[in-house]
Structures are given as structure tokens and as C-alpha cells.
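Let's work through a few exercises on a protein together. Have the sequence and the 3D view ready, and try each task before you read its solution.

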Amino acid sequence: MERNNLYPIFLKTKNLNVLIVGGGFVAEEKLTFLLKSSPDAKVLMVSPLFREGTIELAKKGCVTLVEDVYKKKHLQGRHIVVATTDIPEVNVQVWKDCRAEAKLVNVADNPPYCDFYMGGIVTKGNVKIAISTNGKSPTTAKRLRQFFEDVLPENIDDLVKNLNEYRKTIKGDFEEKVETLNEFTKGLIEKKES
């Protein structure tokens, strides 16, 4: 049976520099979801043309738009790269350039040229859930995102904050604190017997 072997991480994008190559619909979609999840992300977008929506989005975030065709120099100082052009040769060149410089790259809708996928994300305050289908079905990830948005209680952030305060009052070493928190939170997931 096939298995998802991706390793999920949560990046502090305000500490990283992101490059999006392209200015079309897919680029705008990637920027939209990035800024929705991480409004403080630092993004450089390179394209000969940009959609009006992209220009408006850029004004709301820390986004710099450069009207130019992609050149390797645009990778300078970038940590993460997303290639979204409708010219396969350009996307593959971006991938090759990123490989040569050990930069993480995602070529939109082309899994063999991806170091990472931008999955579905659910955010409620401090709680964030990332959903991956291993690049197989963005539609399934979208439906799962909608499901979790519906079932997670609106006050889940209050629970997280309260548990954090409680955690600060627990005495003992790390293992004792973990055991106390596990005992205290066990009731959150236990099924009620009928």
C-alpha cells in the first residue's frame, strides 16, 4: 500500500524569503494561500505581467513585484521558491537552478519537480492543521480542510491558551510535566460510553 512519507513542518515565513515565479492565476492562488496562512511572509514575485488581483494582494502584504522574465539572479537570498509559469521550460529551469543552489522548490502541478507541496490548511487562533494528499488530490485536501473548519470548535484557541497557562504551573521535570498534561487532557479525546 502506498504511504505518504512527507515530513510536515510549520515554517516561520517572516524569517524566510519566498520567491514566486509567474504572475498568472496559479501564482495569485499560491500567494493568496500563503498570505492567508502567513500574512507576515516576505515574498518576491517575478513575472513580465501581473494580474490586477495580485497587484492588490501585494499591497496588503510584504510582497515585492518585479516585472521581468525569470533569471537565476532572482534566487539570490531566497529560501523557498514556487514556479507557476505556463512555460514548462522556464519551470524546469527554475527547478534546476534551485537544485544547484540547494533551495527548496515547488513547481506547481508537477510533483516530480517538487521538494514540498502546499497542502490544505485550517487555522483557528493558535491551532493550525496542515493536510497533505501526497500531491495526489488537491480537491480531497480542500474537502478535508472544509470538514475540519466545520468540526473544530471556535473556542479551541481558548483551550490552547488555558492549557499553556496550566502547563506553566506544573512542577517537576519534563517527563512529569508531560505525564500530568497527558492525564489532564485525556478527557478531550475519550469517547463517551452510552
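This is a predicted model: local features need pLDDT of at least 70, side-chain atom pairs count only at pLDDT 80 or more; totals for chains, interfaces and linings use all residues.

Residues are numbered from 1 along each chain as its sequence is written, and side-chain values use heavy atoms, with hydrogens and water left out.

**Exercise 1. Describe the overall build of the protein.**

Step 1: Start with the secondary structure. The protein has six helices and seven strands; helices (H or I, at least four residues) and strands (E, at least two) are DSSP runs, numbered from the N terminus.

Step 2: Read off the order. From the N terminus on, the elements run β-α-β-α-β-β-α-β-β-β-α-α-α.

Step 3: Look at burial. Of the 194 residues, 32% count as buried, where buried means under 20% relative accessible area, exposed over 50% and partly exposed in between, using a 1.4 Å probe and protein chains only.

**Exercise 2. Which kind of aromatic pair do tryptophan 95 and tyrosine 113 form?**

Step 1: Recall the description. A pair of aromatic rings is described by the distance of the centres and the angle of the planes.

Step 2: Know the cut-offs. Rings of Phe, Tyr and Trp (its six-membered ring) pair if their centres lie within 6.5 Å; planes under 30 degrees apart count as stacked, over 60 as edge-to-face and the rest as tilted.

Step 3: Apply them. The structure holds two aromatic pairs. In the pair of tryptophan 95 and tyrosine 113, the centres are 4.8 Å apart and the planes stand at 90 degrees, so the pair is edge-to-face.

Step 4: Locate the partners. Tryptophan 95 is in helix 3 (residues 88-100) and tyrosine 113 in the loop between strand 5 (104-107) and strand 6 (120-124), so the pair ties together parts that are 18 residues apart in sequence.

**Exercise 3. Where do the partners of two salt bridges lie?**

Step 1: Begin with the total. The whole structure has 10 salt bridges; a salt bridge is a side-chain nitrogen of Lys or Arg within 4 Å of a carboxyl oxygen of Asp or Glu.

Step 2: Take glutamate 28 and arginine 51, whose closest N and O atoms are 2.9 Å apart. Glutamate 28 lies in helix 1 (residues 25-37) and arginine 51 in the loop between strand 2 and helix 2 (52-60), so this pair ties together parts that are 23 residues apart in sequence. Glutamate 28 is buried at 15%, whereas arginine 51 is partly exposed at 37%.

Step 3: Move on to glutamate 154 and lysine 124, which meet in a salt bridge of 2.9 Å, N to O. Glutamate 154 lies in the loop between helix 4 (138-151) and helix 5 (156-169) and lysine 124 in strand 6, so this pair ties together parts that are 30 residues apart in sequence. Glutamate 154 is exposed at 65%, while lysine 124 is buried at 11%.
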